[in-house]
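Have the model open while you read.

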Amino acid sequence: MLAHAGLILFGIVMLYPLIWMLAGSFKHTSDIFSHPGLFAKSYTTKNYADGWTANGTSFGRYIVNSLIVVTGAIAGNLLACSAAAYAFARLEFRGKKMWFALMLGTIMLPIHVVIVPQYILFSKLGWLNTYLPLIVPKLLATDAFFVFLMVQFIRSLPRDLDEAARIDGCGHFGIFFRIILPLSKPALATTAIFTFIWTWNDFFHQLVFLTDPKMYTVPVALRTFVDATSQTPWGPVFAMSIVSLAPVFGFFLAGQRYLVRGIATTGFK
């Protein structure tokens, strides 16, 4: 009983900033900091209406832009990372251990080291102010964490299934698409959930590569609410922050059971 009470109390403490922001989204901007608690003298829903049409553009446009980027990133990671993982887990080729070590080494590489070369490359290709720099690299299995996660999962699958499929005439493509991918749903779901959350919340890359306000995604659009030269409308900022969190919570809750299975059965031994 004490353990459950402690966990509930810890959960409330962890969720308090989110609850405070939710309460602030219904307060008048002048009351948010003058009454910093959860309660105020009066509440309003005007913050949501003002935030949705702020900057002269519907906030729904930014949500659609983010969904385009997220969908492309998820599709790229699921296809490319699973294919790379199958190669590392099942195939034998020259320098396999070296390439695997180099792939893992990229996890420790700070993004600030590669952002300038990436910017120059994408500028030469004419991809700036498009979604291509945010999507195309995902098609090249650049997220080493997901490659490693799926390698560990595929290694936990019995090789007898591969041998049985090979006897039935399947090649590597047949084994990959008919055997490995259907059995890797937990790992694929884990990859999809983390890709959704990380891409949806990614501010740095989207700020660097997108310059047209109409192309902005949700994190960059939220930053435009904050003005250092004038008073920031914190009520609408909190309101749109709550709106932007809704897809993340929805996607996470929809795939939560797959996420737990994917992490629990990834093959760490």
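## Helix packing and pockets

In this predicted model, Phe 100, Met 103 and Leu 104 of helix 5 touch Ala 144, Val 147, Phe 148, Val 151 and Arg 155 of helix 8 (contact: heavy atoms within 4.5 Å; helices: DSSP runs of H or I, at least four residues, numbered from the N terminus). By class, that contact has seven nonpolar, no polar and one charged residues (Asp, Glu, Lys and Arg count as charged; Ala, Val, Leu, Ile, Met, Phe, Trp, Tyr, Cys and Pro as nonpolar; the others as polar).

Residues count from 1 along each chain. Local features need pLDDT of at least 70 and side-chain atom pairs 80 or more, while totals for chains, interfaces and linings use all residues, and side-chain values use heavy atoms, without hydrogens or water.

Now the pockets (open sets of 1 Å grid points for a 1.4 Å probe, with protein on both sides within 12 Å along at least five of seven lines; lining residues have an atom within 4 Å of a point). Volume is the space filled by probe spheres set on the points, which are joined across faces, edges and corners.

| Largest | about 880 Å³ | helix 6, four residues |

Of the 29 residues lining the largest pocket, Ile 111, Lys 138, Thr 142, Asp 143 and His 205 are closest to its centre. Its lining has 18 nonpolar, eight polar and three charged residues. The second largest pocket's lining has nine nonpolar, one polar and no charged residues, and includes His 172 and Phe 173.

Conventions
Helix = DSSP H or I, 4+ residues; strand = E, 2+ residues; numbered from the N terminus.
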